Amino acid sequence: MRDNHLHTYFSYDSDADFRDYLEYYDGEIVTTEHYDLSNPYSKQDDVPDYAAYSQKIRELKEQYGNRLKKGIEIGYYAPRESDILTYLAGKDYDLKLLSVHHNGINDYLDDEVAGMDKHAVIQDYLDRLEYAIGRVEADVLAHFDYGFRLFDVSVEELKGYDIQLRRIFQKMIDCGLAFELNSKSMYLYGHEHLYIYALRLLKELGCPKYSIGSDGHKLEHFRLKFDRIRGLLADYGIGEEQLLR
Ligand SMILES: [Zn+2]
Ligand SMILES: [Zn+2]
């Protein structure tokens with residue numbers, strides 16, 4: 001299974017080089033570079049240089065063969081929707097992730113957010129996530145828990161959002177997006193239990209497509225704990241044919 005969530009120096013917060021991944025692993029590599037407008041963390045529009053990115057991929061394909069794919073992680077922010085659509089128009093990607101990273105004031109990983117009211121943050125995030133689905137064309141709903149990565153959330157607490165989570169997942173299914181198992185969320189932010197709960201809901205809803213991504217920004221996180229995720233998928237009766245690539 002391919003790692004469907006990966007960053008290089010084309011993302012504002014990564015220094016990784018394509019070759020780090022290409023030399024380490026001989027299967028397909030797709031990078032999903034950050035596209036985040038009005039990013040409160042960097043205080044700018046973070047836009048990967050499409051021409052340079054495409055050129056780099058072409059060069060690397062000559063050396064490494066046709067196992068390199070083009071991707072983008074679209075950070076959706078409603079006030080900039082028209083700019084997002086304009087940027088994406090006419091650009092060609094093999095994989096598009098849909099994410100919500102910020103609310104215009106804070107990225108949900110800002111230190112400040114950790115001191116805020118947990119339930120207010122979760123509600124704000126889920127409302128934005130629910131709205132974002134279907135607004136731009138994409139293949140994968142990335143890290144459904146991004147807005148509350150900084151918090152310890154129990155399954156009981158997450159169940160409090162059950163009705164909305166079901167709506168979000170149904171919308172994701174209806175829009176043809178795959179559900180992402182994000183190994184950084186699961187194993188670096190300790191949210192495996194929340195993903196297991198999500199898998200139970202998704203099975204009930206008949207979700208047909210899943211995607212596995214490390215969200216790696218460096219080689220150490222590439223394909224993080226994929227064997228463990230493989231086991232989880234088997235436990236929930238999700239077959240390889242349901243995985244995106
Ligand atoms: Zn992300
Ligand atoms: Zn990412």
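**Zinc site and sheet in a predicted model**

User: Which residues are the protein donors of the zinc ion (ligand 1)?
Analyst: This is a predicted model. The donors lie 2.0 to 2.2 Å from the zinc ion (ligand 1). Along the chain they follow the spacing E-x27-H-x41-H. They are Glu 73 (OE), His 101 (NE2) and His 143 (NE2).

User: Which residue coordinates both zinc ions, ligand 1 and ligand 2?
Analyst: The two ions are 3.3 Å apart. One residue coordinates both: Glu 73.

User: How many residues apart are Glu 73 and His 101?
Analyst: Glu 73 sits in strand β3. His 101 is in the loop between β4 and α4 (111-114). The pair links distant parts of the chain, 28 residues apart.

User: Are Glu 73 and His 101 buried or exposed?
Analyst: Buried means under 20% relative accessible area. Glu 73 and His 101 are both classed as buried.

User: Which strands stand at the edges of the sheet?
Analyst: Seven strands form an open sheet with mixed pairing, in the order β2-β1-β3-β4-β5-β6-β7. Two of them have a single partner strand each, so one side of each is left without a neighbour in the sheet. These are β2 (44-46) and β7 (210-213).

User: What is the bridge partner of Leu 98 in β5?
Analyst: Strand β4 (residues 95-99) and strand β5 (residues 140-141) run parallel. Two bridges join them. The partner of Leu 98 is Leu 141.

User: At what angle to β7 does helix α10 run?
Analyst: Helix α10 covers residues 226-235. The helix lies across β6 (178-182) and β7. Its angle to β7 is about 160°.

Terms used. Residues are numbered from 1 along each chain as its sequence is written. Chains are lettered from A and ligands numbered from 1 in the order in which they are written. This is a predicted model: local features need pLDDT of at least 70, side-chain atom pairs count only at pLDDT 80 or more; totals for chains, interfaces and linings use all residues. Side-chain values use heavy atoms; hydrogens and water are left out. Two strands pair if DSSP finds at least two bridges between them. Helices (H or I, at least four residues) and strands (E, at least two) are DSSP runs, numbered from the N terminus. Contact means heavy atoms within 4.5 Å. Axes are lines fitted to C-alpha atoms, for helices over the stretch in contact, and angles run from 0 to 180 degrees between N-to-C directions. Donors are N, O and S atoms within 2.8 Å of the metal (3.2 Å for Na, K and Ca); water is not among the atoms, so sites may look incomplete. Buried means under 20% relative accessible area, exposed over 50%, partly exposed in between (1.4 Å probe, protein chains only).
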